[in-house]
Amino acid sequence: MTAMMKLASLETKMFFRDRLSVFWTFLFPVLMIWMFGSMFGDSNLNGLSFAEMFVPSWIGVNIVTISFFTLGTVLTNYRETGVLRRYQSTPIRSWMILAAHTFQGSVIFVISALLLMVFGILMYDLTLPVYMGSTLLALLVSILAFFPFALFLTSLAKNSQAAAAISSLCLNVMLFLSGAAFPLEFMPTILQNAAKVLPLYYVVELLRGTWNVGPITDYGLEVGVLLGISVVSTILASRFFRWSDK
Amino acid sequence: MGEVIKADHLVKSYGSIQAVKDISLTVNKGEIFGIIGPNGAGKTTTIEMLEGIRKPDGGELSVLGLTPHKQLRELNKKIGVQFQATAIQKKMKVKEAIDLFASFYPTTQKDHLIDLLGLHEKLGVMFDDLSGGWKQRVTLALATLHKPEILFLDEPSMGLDPHARRELWGLINALKEQGCTIVLTTHYMEEAEKLCDRVAMIYSGQLRALGTPQQLLNQIPAHYLTFDSEELLYDFLISLPSVVSVENENQSYKVLSDDQQTTAYYIFKYCYDNEIPVQDFRFEKGSLDDLFVHFLEKEASA
């Protein structure tokens, strides 16, 4: 247990030593909100203000970036460079490593979500979530779905370049087609339907809903889909965990 | 001295390639045991079976009384492993790495190792900023923190300059003095000769020789004759009885022979009969390097 916490805190520390990842993870989403806000700040869609629409959805996007880049790509790089192999003949076990990285990702995510929320409150009169408990639960469910999902997908990559390619593809497709960055209402029906195969769609619906509309119990479908993804990808990620590619 | 590793007829294949065909060996407590052979001979596969991370296809294996691949968790508490080409996180500081790995074990000799390996001055440096020799020291420290009963080193001196290599040998000897058994693979024959108590030579997945470096050199004909001559010809020398190989450069010859005395007799007789002058004739004792080449050539001609 101490080994796991030690690894989690070290990985968090090392994340902050890398300026570039700090910028992309924390500041880029804020810049995006600010940019979209300067264009659509006064608009009103389905009875929701700009910030009520997009702060929750960009928090959802942050889950995707952190799970694919901070967790998945980094672990693939560790596999490639022999960092994971070094753990192999020690008493630490693979699930402890995955858990440590999941913990690290969660800490980074909480910071990034708070930043977005505070920015929304200061700049765009965002209010705190109406159903705070539901929103927190929704975030937990989303993390539990996305972290193992990304860890599994990136573990299929032979090296970190391939993992980064998988990650960029997933991020961009979901960013533009799941309603996170652009409202689905503006899109043709076929794309609106296609959005429903993207996991981020359910995260966005769930976060927007619990933030503005109703408690988590109103969103049984979204919670069900995300928990399903969580269970399946946790099984796959631990089943196919590899210490090295050799 | 007890046996800490006992391997009987180990076999391992990858698909249709037999990496290890039939290897039996024992390692005694407290010795430095070297596994040598050319690249692709099966050294790494052999050592990885001993470490328990590869499952043998056949044969019996016991390490510290455990069956490695079945009792891996138990084994991992007692062994230390330095894999080939591994690293730690680039932005991890030396002190952080040592603390992290120390937290995996109930007791460690952390402070002693920092002294022994002279790591004090580097504790605050990130792994990526260390030179190759220092990286090797740090990873050696990580593998030995918990006073392992057996330390496995896969090609420990690969990529080190001669000075760093000698320092590494000193450190390995210091670990041995603490009572640690060390199993290492190498393809530097000098390393095997100077560092190892006993050596196993592996070629194409098979054990070809096993013993102290001295025994190997004595029991196997790897001795040669050297001399200078302007008129002797390669074709004549290679045709002599017992000659294994002939190398020549300008007028200097190096004749590897299974029977130095007989070969020398034929050379002198021929030179006497034909009035050919021979200078600087010497009987040379082969090194492990020569033995290595000797086996490779036998392999190639077989």
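1. Start with helix α3 of chain B. Buried here are B:Val94, B:Glu96, B:Ala97, B:Ile98, B:Asp99, B:Leu100, B:Phe101 and B:Ala102. Bear in mind that this is a predicted model. The helix covers residues 94–102 of chain B, and eight of its nine residues are buried, so it is largely enclosed by the rest of the structure.

2. What do the buried residues of α3(B) pack against? Both chains contribute. From chain A come α1 (2–17) and α4 (83–88). From chain B come α4 (110–116) and α5 (132–144).

3. Is A:Gln88 buried or exposed? Its relative accessible area is 14%. Buried means under 20%, so A:Gln88 counts as buried. Leaving aside residues up to four places away in sequence, A:Gln88 touches A:Trp243 in chain A. In chain B it touches B:Ile53, B:Asn76 and B:Phe83.

4. Next, a helix pair within chain A. Helix α5 spans residues 94–124 and helix α6 spans residues 132–155. Their axes come within 11 Å and cross at roughly 130°. The two helices are therefore oblique to each other. The crossing of α5(A) past α6(A) is right-handed.

5. Which residues make that contact? On α5(A) they are A:Leu98, A:Thr102, A:Gly105, A:Ser106 and A:Phe109. On α6(A) they are A:Leu139, A:Ile143, A:Phe147 and A:Leu151. By class, the residues of this contact are six nonpolar, three polar and no charged.

6. Two residues separate the strands of the hairpin. In the turn, B:Asn250 has a positive phi of about 50°.

7. Finally, chain B as a whole. It has 11 helices and 13 strands. Its C-alpha atoms fill a box of roughly 75 × 45 × 35 Å along the principal axes. Of its 302 residues, 51% count as buried.

Terms used
Residues numbered from 1 in each chain as written. Chains lettered and ligands numbered in written order. Predicted model: local features only at pLDDT ≥ 70, side-chain atom pairs only at ≥ 80, totals over all residues. Heavy atoms only, no water. Buried < 20%, exposed > 50% of the residue type's maximum accessible area, 1.4 Å probe, protein only. Helix = DSSP H or I, 4+ residues; strand = E, 2+ residues; numbered from the N terminus. Contact = heavy atoms within 4.5 Å. Pairing = 2+ DSSP bridges. Axes fitted to C-alpha atoms, helices over the stretch in contact; angles between N-to-C directions. Parallel < 35°, antiparallel > 145°, perpendicular 65-115°, else oblique. Left-handed = near helix turned anticlockwise from the far one by under 90°. Nonpolar A, V, L, I, M, F, W, Y, C, P; charged D, E, K, R; others polar.
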